[in-house]
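Biologist: I would like a close look at one part of this model. Please take me through it step by step.

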Amino acid sequence: MNQTSPETGKPTEPFRQRLVRTLLYGNVDRSAKARARVGLVMLAFTAVFAVIALRLVMYGVVGDNHGARRGSSQDAIATARPDILDRNGEILATDVKASSLYAEPRRLIDKDEAIELLTATLPDLDPGEVRDRLSSRKGFVWLKRELTPKQQHDVFKLGLPGVGFLRENKRVYPTGRDVSHLIGIVNIDNQGIAGMEKWLDGNGLADLHRAGFATDRQQRPIELSVDLRVEHALRDELLKAKEKFRAKAASGIVSNVRTGEIVAMVSLPDFDPNNPKEANDPDRINRLTTGVYEMGSTFKAFTLAMALDSGKATLNSMWDARSALQYGRFRIHDDHPLGRAINTKEVFTYSSNIGAARIALSQGIEAHKAFLGKMGQLTRLRTELPESAAPLLPRHWGELNTVTIAFGHGIAVAPLQAVMGIDALVNGGYLIPPTFLKRSEEEAMKLAKRVIKKETSDKMRFLMRLNAEIGTARKADVPGYYIGGKTGTAEKVINGRYAKKKVLNAFTAILPADNPRFQLLVMLDEPQALPETHGFITSGWNAVPTGGKVIARIAPLLGVEPRFDLPPSERLILATSKENR
């Protein structure tokens, strides 16, 4: 039984328990000591968090300075980048390790001897530049990047103190020129400066590098929409066509009309991304995104779609094409004059400039502008590729502008945005932003915007197929693939005037026309007449047959199965469309 203290009235603590408490905690009041310990712990946590906050601020400041230095100096270390793959997993770009030569100027014993030995071993080094770098007060300077193994061995044998090697990442492109304009290039520090490489840096890779998180193991490959097999076939046929027709340039795009994916894109002449100096040649620009061109009669597809979608015209509406259209001091002619009134179908298949001009005038200037605007033809097209160009539009858009734009003159657009618009004309009426990344149809539809009625899209597919059956696209009608298409021959503007003998030819094809999956655009810049073209330089004699050869090669690769003995477009497309309504 416990005894009670006469002073406090509380039970007296047993001797053994008091002894243990004194040994463990001393004679200080236990509750007071607990409060002191809690305060100490709080103080410790406060100190830790203060240190962390300070370090974060320092990282922020140092990171910015480091980034600026990387951008302006040659003394940054090439960082790792993720692999870039085509849609089937083929490697388009990857990193390999390469040794680079550096020096620590403060550790050099004899600077003059080092300069003499290094420039003798590496003759491409500039002695003056080496001297300047070794004379600097920096702790680290690069002397030569990406040494060969023999060069590294030779320098190593010199045994120079203060000179060493670092293993860096070097970007290589196993497919060479095949995807050059699409993939882009990097600089000596492995930073993207063009194409998808630059897009990578602009989408977080540069930030990861600054934070030190972008290591080789942590980076997932980037999958593009391009199909390397299709890309190679397209490039091969364009090279042949460029040589055969002695064209200044040749280019082409294959797009998926249902997803907006760019499956292939080639612009010749191109360059080898493994040799970035070639990319500086202004003749090797990407004509499909950074060039803007008058697309010629391929633009008539927009003119007719506008009229059909408005309900003010039908396929059987008649247009006066008996004689040239006089507009002010200008006379509009047809290349294949029929000398009579023609219906809307004939305007398309005979590529009548007069008919297209009358159709556009019947809609009015504002309606014309509004339609081309919603088809994405009046504003700069933005994609993942940083390189793009804004269309060239009339400063004051009057009736004469509407007349010429109706058949593809007087407005210049990037070919890729023309492809986007044609996709919308044949895919059921949905404008889908193009992409160079893989995208499903479901993802595409979330971005899609309806721009024309489905019935209008059916009629445009019919017209394009009809053009391959009886019109100017007959030479591209590859048996079994039921293609549709539209030709375009645009006279180029030389010294402010249209030049008759210098043309930019285009051919846009869809396959299969009854249920399109893909669009092909082929362009030839200044093709020359050949004996087999009977002196003609129009699209039907060069771009169209080139398109046919491309389709014959890529259709099997794209999974388009050949079908034979199909009925003509009037029955397979037009009649089916009416039945479904």
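How far apart are Asp458 and Lys454 in helix H16, in residues and in helical turns?

Modeller: First, a caution: this is a predicted model. Asp458 and Lys454 are four residues apart in helix H16, which spans residues 454-470. That puts about one helical turn between them. Their side chains meet in a salt bridge, with N to O at 3.2 Å. Now look at the cover on each partner. Asp458 has 4% relative accessibility, so this residue counts as buried, the cut-off being under 20%.

Take one link, between the side chains of Asp95 and Arg171, at 3.1 Å from N to O. Asp95 sits in strand S2 (residues 91-103) and Arg171 in strand S4 (residues 163-172), so their pairing ties together parts 76 residues apart in sequence. Asp95 is buried at 18%. Arg171 is buried too, at 6% relative accessibility.

Another pair links distant parts of the chain: Asp189 and Arg145, 44 residues apart. Asp189 lies in the loop between helix H6 (180-183) and helix H7 (195-211), while Arg145 belongs to strand S3 (residues 141-147). Their closest N and O atoms are 2.9 Å apart, in a salt bridge. Asp189 is buried at 3% relative accessibility, and Arg145 is buried at 12%. The count for the model comes to 37 salt bridges.

Technical notes: Residues are numbered from 1 along each chain as its sequence is written. This is a predicted model: local features need pLDDT of at least 70, side-chain atom pairs count only at pLDDT 80 or more; totals for chains, interfaces and linings use all residues. Side-chain values use heavy atoms; hydrogens and water are left out. A salt bridge is a side-chain nitrogen of Lys or Arg within 4 Å of a carboxyl oxygen of Asp or Glu. Helices (H or I, at least four residues) and strands (E, at least two) are DSSP runs, numbered from the N terminus. Buried means under 20% relative accessible area, exposed over 50%, partly exposed in between (1.4 Å probe, protein chains only).
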